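Me: Could you walk me through reading some features of this structure? I would like the general idea, then the case at hand.

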Amino acid sequence: MALEQKKIDVTLEEALTIAGTGRYTYYVVMAVGFTLFGGMLNIQALSTVLPVAGCDLQLTSSQKGTLTSITFAGMLLSGPFSGFFSDAFGRVRITFLGQSVSVFLMFLNSFAPDTTTLIIMNLINGFALTGAITPVYVLISEFCPQDCRAKALIICSTTATLANIYLPGMALLIMPLNIEIPIFGLLTFSSWRLFLLLSTIPNIVALILLWKLPETPKFLLVQGHSERTLEVLKTIYAVNQKKRKDEYPVANVILDSLDRSYECLKDEGNPVWSMVKQMISRTKLLFSRTYITYTLMSCILLFTQIGMYNIFILWLPEQLSRMNQYIEMNGEYKVTLCEIMMSTSSPVENIDDCILKFDFFSYGIILGILQLFMGIMVSFYAERIGKKLILTGFLFLSSGMSFSLLFSNMQYLIIAALITTTIFVSVTFPLTVTFMMDFYPTYIRSTASAVAMIFGRLGASGGNQIMGLLYDNHCEKAFYGISAILAATAAMCLFVLRKKS
């Protein structure tokens, strides 16, 4: 196609639409999906083997709560800077760097000699994970055209739930192995340490996939690299449409009108000061009259969803282990979850009396399969049924299931309620992310995502630490609180949430 026949001054959104969807889009979705998958492994791997590690390291319930929450504490501390660095240095670059550091720290985690070292490693890992996870939601939205953006976000988030199949599956294979390898007299390399080591495999796959990705067209164009932007779009077009690059019918690409109006914030004389001004300006804009309602809603939703999901998923192995321990001691099961959490607690796990049971990992695999299935179903039917209806309904159902745990005294009903609540809460997260993409214009989405994620990680970090303190003595109050928070958030969605016109 001759140059004069090509379109000029095409906005980025239109240029992405012309590039279309296809194999390139699928590759980006796979790279982001594996990155989120690896991030979930980082967060959940230790909690999966916590009953075993607790015996080895003689952990108290409070220390277990610290270990399940400390990664989120690191993510919380680094959260304010993740969106800033992503906007300043690139979504792909920051994601790749964060993922690389996280893989290295997971490797070191496997050889931590004591509880203090394990806590420190996971705290630092939280810093790295923020860089690996936070930018990817913006990354995928900037590679995909508008018509497939929501579906791509939901599919990527659903891919992360593979962690709930991978972790218990690996645990069933690795944990029963009788591994005891002394290392320099500092520690004994046992099966749970090998499990943590093998959990890095999907993260390494994510690194390989990210290595092949260029920066997003949006980031390159905002930085003034119009030629590189066009070259990336040509590649996307050629791969998706199975045509030559020179057939791409666009001669040059320009920023959308909203982004062009925001260019005045740049300070050409001082790049660092320009980035600082943009970060401050974008943060202020989030809390301006135009966006404050959406910002507060996003923060509350992610605080509830990420906090409650991680409370349920990270404590599930410990709860199921205590059920097995109770049955082993009493021969029958006729108590509520809170009664069992309090009756089987002790100041410190006694390694001599610790009989390890691994059959509860099968429940984790069932959870992962159901979670994956539910996520796929929602990705296909969210627009048809209505994202608001699904989001509100699942939050109300989660509240009811959580409340039922206070009264149910049948083991399989308790397990079913725990798994169902976890699934329902997990599905609400990608729906909230898609609403956030609707709430905000492109130039503040990264900052909005970072700010809202701070509250999500605050919920996860604080929630797990508080649950670790409450389970042994005030379990009922904890579940009353969880049920009330879920119901209040659902009511907020029902009466306030609406798509920005």
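Reply: Patches are made of residues with over 30% relative accessible area and no salt bridge, joining like charges within 9 Å and nonpolar side chains (Val, Leu, Ile, Met, Phe, Trp, Tyr) within 5 Å. Accessible areas come from the Shrake-Rupley method with a 1.4 Å probe, and for residues only the protein chains shown count as cover. This is a predicted model: local features need pLDDT of at least 70, side-chain atom pairs count only at pLDDT 80 or more, and totals for chains, interfaces and linings use all residues. Residues are numbered from 1 along each chain as its sequence is written, and side-chain values use heavy atoms, leaving out hydrogens and water.

Me: Which residues make the nonpolar surface patch?

Reply: Phe-373, Ile-376, Met-377, Phe-380, Tyr-381, Ile-385 and Leu-389 make a patch of about 690 Å². Helix 17 (residues 361–385) gives the largest share, six residues; helices are DSSP runs (H or I, at least four residues; strands are E, at least two), numbered from the N terminus.

Me: At what angle do the axes of helix 17 and helix 18 cross?

Reply: Axes are lines fitted to C-alpha atoms, for helices over the stretch in contact (heavy atoms within 4.5 Å), with angles from 0 to 180 degrees between N-to-C directions. Here the axes of helix 17 and helix 18 (residues 387–404) cross at roughly 130 degrees and come within 7 Å. Among the residues making the contact are Met-374 and Val-378 of helix 17 and Ile-390 and Phe-394 of helix 18.

Me: How many salt bridges does the structure hold?

Reply: A salt bridge is a side-chain nitrogen of Lys or Arg within 4 Å of a carboxyl oxygen of Asp or Glu. The structure holds four. In one of them, Lys-245 pairs with Glu-231, with the closest N and O atoms 3.1 Å apart. Lys-245 lies in the loop between helix 12 (226–241) and strand 4 (253–254) and Glu-231 in helix 12, so the pair ties together parts 14 residues apart in sequence.
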